[in-house]
Amino acid sequence: MEKDLSNYRKSYEKGELLLKDTPENPLELFRSWFNEVDQHFPQDETNAMTVSTIGLDGYPKNRVVLLKKFTYEGFIFYTNYQSEKGKAIANNPNICLSFFWHGAERQIIIKGKAEKIAPNLSDGYFESRPKGSQLGALASNQSEVVESRDVLENKLKALEIAYKGKEVERPEFWGGYIVKPISIEFWQGRPNRLHDRILYTLEENYDWVKKRLSP
């Protein structure tokens with residue numbers, strides 16, 4: 001099978017990113033971009049991000065997950081700690097997050113270290129989830145081989161019966177990570193492939209240094 005994609009082209013013309021207009025703290029720019037995309041491009045799932053880890057087999061792997069909170073300290077998402085990504089993070093906490101907002105022609109790439117958040121914070125988020133999602137977390141041995149879809153469906157049905165009228169406690173194998181950034185790159189598409197790239201790097205004194213990169 002062969003398909004030539006060499007003629008696939010698009011001119012990016014929706015914005016600019018000038019160094020003089022950027023704040024000293026990249027989290028402020030992230031918040032500004034996130035809110036703008038959320039408001040003006042509702043067709044994009046604004047909090048969808050790619051999480052990249054180095055697996056136990058030595059290969060990088062990307063998958064899309066949902067960002068659930070961001071603060072000046074970092075970026076929080078939730079998953080099964082025993083999943084492939086959970087095992088990868090336990091082995092090597094250096095990970096990468098990336099956002100691509102097609103409508104705004106913007107991309108953000110975040111390098112950082114992931115660590116588990118406090119159990120009570122994971123408890124609070126788990127309690128806020130719909131009951132179906134809570135039971136789904138119990139039903140799935142994430143990343144493990146499963147014989148069929150029916151096995152999952154039947155396990156979920158059994159859990160629905162077992163927990164009818166009862167609260168579902170967060171299992172210890174499920175919870176949140178916070179990714180504390182060491183670098184954040186902002187990319188704004190521009191015409192003629194001369195895109196704007198501003199890179200923030202965290203110094204040892206915890207000050208952010210920003211530079212323009214060539215596209």
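Author: Start with the contacts of the whole chain. Among those between residues at least 6 apart in sequence, 64% join residues at least 24 apart. The model is predicted. The chain has 215 residues, and 38% of them count as buried. Its C-alpha atoms fill a box of roughly 60 × 50 × 40 Å along the principal axes. Five helices and nine strands make up the elements. From the N terminus, their order is α-β-β-β-β-α-β-β-α-α-α-β-β-β.

Now the close look. The residue is S83. Where does S83 lie? S83 is in the loop between β4 (75–80) and α2 (84–91). Is S83 buried or exposed? Its relative accessibility is 1%, and buried means under 20%, so S83 counts as buried. What does the side chain of S83 reach? It reaches the backbone oxygen of N80, at 2.7 Å. Leaving out residues up to four places away in sequence, S83 touches Q142 and S143.

The backbone of S143 deserves a check. Most residues other than glycine have a negative phi. S143 is not a glycine, yet its phi is positive, near 80°.

R193 is not a glycine either, and its phi is positive, about 65°. The loop that holds R193 runs between β7 (174–188) and β8 (196–202). At 42% relative accessibility, R193 counts as partly exposed.

Two packed helices are described by the angle between their axes and the distance between the axes. For α4 and α5, the angle is about 125° and the axes are 9 Å apart. An angle of that size makes α4 oblique to α5. On the α4 side, the contact is made by L135, G136, L138 and A139. On the α5 side, L152, K155, L156, L159 and E160 make it. The crossing of these two helices is right-handed.

An α-helix has 3.6 residues a turn, so residues three or four places apart point the same way. Which residues of α4 are buried? They are Q134, L135, A137, L138 and A139. The cover over these buried residues includes α3 (119–128), α5 and β7.

Next, the strands. β1 (residues 48–54) and β2 (residues 60–66) run antiparallel, joined by seven bridges. A48 has L66 of β2 as its bridge partner. Five residues lie between the strands of this hairpin, and G58 there takes a positive phi near 90°.

β1 also pairs with β5 (residues 94–101). Three bridges join them, again in the antiparallel sense. S52 stands opposite C96 of β5.

β5 in turn pairs with β6 (residues 106–116). That pairing is antiparallel too, over eight bridges. S98 has I109 of β6 as its bridge partner. The hairpin of β5 and β6 has four residues between its strands, and E105 takes a positive phi near 55°. In a regular strand, side chains alternate between the two faces of the sheet.

One residue near the start of the element order remains. F34 lies in helix α1 (residues 26–40). Its relative accessible area is 11%, so F34 is buried. What does F34 touch? Residues up to four places away aside, it touches T46, N47, F70 and W101. N47 is 13 residues from F34 along the chain, and their C-alpha atoms are separated by 8.1 Å.

To return to the request: S83 is buried at 1% relative accessibility.

Terms used
Residues are numbered from 1 along each chain as its sequence is written. This is a predicted model: local features need pLDDT of at least 70, side-chain atom pairs count only at pLDDT 80 or more; totals for chains, interfaces and linings use all residues. Side-chain values use heavy atoms; hydrogens and water are left out. Buried means under 20% relative accessible area, exposed over 50%, partly exposed in between (1.4 Å probe, protein chains only). A polar contact is a pair of N or O atoms within 3.5 Å; within protein, one must be able to donate a hydrogen and the other to accept it, and residues adjacent in sequence count only if both atoms are side-chain atoms. Contact means heavy atoms within 4.5 Å. Two strands pair if DSSP finds at least two bridges between them. Axes are lines fitted to C-alpha atoms, for helices over the stretch in contact, and angles run from 0 to 180 degrees between N-to-C directions. Angles under 35 degrees count as roughly parallel, over 145 as roughly antiparallel, 65 to 115 as roughly perpendicular and the rest as oblique. A crossing is left-handed if the near helix is turned anticlockwise from the far one by less than a right angle, and right-handed if clockwise.
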